[in-house]
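Thanks for coming, everyone. I'll take a few minutes to walk through one structure. Please have a look at it first.

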Amino acid sequence: MQIVSQPQSDIQTIHFFTKESLKQAQLSLLSNIAFEAGKKEFAHALSQDKNYFLIGLGEETTQKALRDIAASFAHTYRKKIAEEDTQIILPESLDEHQQENLLIGLFSGLYTLDKKEAKSFLQWDHSIKIVTQHAQAEEFVQKAKSITEGKFIAMDLLNLPPNHKNSEILKDFFKNMASEYGWEFNSMGREECKKQNLHSFLAVNQASAHKPAFVTLQYKPENAVKKVVLIGKCITFDTGGVSIKPSENMHLMKSDMGGATTVLGTLIAATQLQLPVHIYAVFPATDNVLSATAYLPGDVIASHAGKTIEVINTDAEGRMTLADALSYSIKEYQADIVLDIATLTGSVVRALGYQAAGIFSSNDKLLEQIQNIGNETGERVWPFPMWDEYAEDLKSDVADLKHISNTPLSDVIYAAKFLQAFTHDHKSWVHIDIAGVAFGSNAYSKDRSATGYGVQLLTNWLQSIKAED
Ligand code: BES
Ligand code: ZN
Ligand code: ZN
């Protein structure tokens, strides 16, 4: 992808206009077409036999609105864009973040469900010119590319059918990604997990036909200023287990590894951008199915942290796998910050719908930093309380704690409270519940599909981490 400061006239052109930049434009073809640069107004003209697309941004200034407009244009014209060398003209009146988001939107809008798209995007990379005079162009173009690459791979993986991404397949996939991106790869199977006391994770895998894979990928730049653990819920398919889910929407539960795909996408973007953060990406991979060997409601299970857990509902499996992943990685990696991200509860969807993820943290400042980035990017997070009274309802008669409350209310909070019990009081732990935002309606699919939520949020956050924080 080439960055140039002046447009050329003999090449297919995508030209973004704000109301403001249209007034200043001196473009002869504008006199022949009706175009006012209104929000989401698209016009098409021919100039020297080449397509000339005009895209109106109206008065929009937010990153999310700019992405959405660009994505909607790109989705409609994706074939034409991919066919030819193209220049993209960005409005000078927009700052680097706004220009970056126009590019992220434009690239993201090219996504299709055929899995070759991520690859082909990288292939026609060379046929795209970005026209901007912005001094930070080099940085923000690279950023837009890296985030898109991370998002596409994350989305491809989440959209895969469950029979194509069981834990054994995933383990190999992560291994291949590790060699492609230069990460250290480690995976623990059943025996090793047992040795490490990951009994709560293993309980979920007990019914499975596929071996569990507790995978860690490590990105370790020499100039790292902080050590961060990113844990992604990695349930390759969630039937609910013995507490089986209704079948109506069960096929959507291939999305129950949305936390894992967000972490993977973020790791890709962070690596491409060479961010100075040492990252451990942790994926406790298994499905949650049922068979004669399944874990049962009423079972009392041991865990890495040494606490016993009374299982009440086998459909609350994510927190079983994350409890061990948290405790293990906190003890093992001694990181400055530990973040887990998970499609954890239906409760967060009832509370926030599709507009934000739920966020919890032991560190108010950290929570505020992520929330601010969420507000800027439009990949929003919204905080919930973790008052001690909630922990009262997780007391069990037969174990140290149970994994859900007897009251069917505010499970999003009980889930976080449960996880907190396995964090060894880590001072900078963050939990993000993305059940409402990871998988939703998209222009590129008829049914719900992966949104790529979180890759931009977490990448921007990692980029904002300073040594003195
Ligand atoms: N994977 C689900 C949560 C989920 C729900 C993700 C909707 C995406 C969309 C999780 O494992 C689950 O089933 N949670 C139960 C917990 C309940 C049994 C306490 C739920 O939310 O119903
Ligand atoms: Zn479940
Ligand atoms: Zn689940």
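Let's start with one side chain. The side chain of Thr377 reaches the backbone oxygen of Ile373, at 2.9 Å. Keep in mind that this is a predicted model. Where does Thr377 sit? Its place is in helix α13, which covers residues 364–377. Buried or exposed? Thr377 has a relative accessibility of 1%. Buried means under 20%, so Thr377 counts as buried. What does Thr377 contact, leaving aside neighbours within four places in sequence? Gln63, Lys64 and Arg67 are there, and so are Gln456, Leu457 and Asn460.

Next, a loop residue. Ser405 lies between β17 (401–402) and α15 (411–420). Ser405 is buried as well, because its relative accessible area is 8%, under the 20% cut-off. Its side chain makes a polar contact of 2.9 Å with the side chain of Thr407. Beyond four places in sequence, Ser405 is in contact with Asp393, Leu394 and Tyr414. Now take Lys395, ten residues away from Ser405 along the chain. The C-alpha atoms of these two are separated by 8.5 Å.

Now the nonpolar cores. The largest one has 59 residues. Which of them touch the most other members? They are Trp183, Leu217, Leu264, Phe283, Ile432, Trp461 and Leu462. Helix α10, residues 258–272, gives this core its largest share, with six residues. Let's zoom in on Leu462. Not counting residues up to four places away in sequence, Leu462 touches Val228, Leu230, Thr266, Ala270, Leu275, Val277 and Ile279. There is also a second, separate core, of 45 residues. Phe201, Val348, Met386 and Val412 are among them.

Last stop, ligand 1. How many residues are around it? There are 16. Lys245, Asp256, Asp315, Glu317 and Gly346 come nearest. By class, the shell has eight charged, four polar and four nonpolar residues.

Here are some polar distances. Gly346 has a polar backbone atom 2.7 Å from an oxygen atom of ligand 1. From Asp238, a polar side-chain atom lies 2.9 Å from an oxygen atom of the ligand. On the nitrogen side, one ligand atom is 3.4 Å from a polar backbone atom of Thr343. How much of ligand 1 does the protein bury? Taken alone, ligand 1 exposes 520 Å², and the protein buries 79% of that.

That's the tour. Questions, please.

Notes:
Residues numbered from 1 in each chain as written. Chains lettered and ligands numbered in written order. Predicted model: local features only at pLDDT ≥ 70, side-chain atom pairs only at ≥ 80, totals over all residues. Heavy atoms only, no water. Near = heavy atom within 4 Å. Polar contact = N/O pair within 3.5 Å; in protein donor to acceptor, adjacent residues only side chain to side chain. Areas by Shrake-Rupley, 256 points an atom, 1.4 Å probe, with all protein chains shown as cover. Nonpolar A, V, L, I, M, F, W, Y, C, P; charged D, E, K, R; others polar. Core = buried A, V, L, I, M, F, W, Y, C linked by side-chain atoms within 4.5 Å. Buried < 20%, exposed > 50% of the residue type's maximum accessible area, 1.4 Å probe, protein only. Helix = DSSP H or I, 4+ residues; strand = E, 2+ residues; numbered from the N terminus. Contact = heavy atoms within 4.5 Å.
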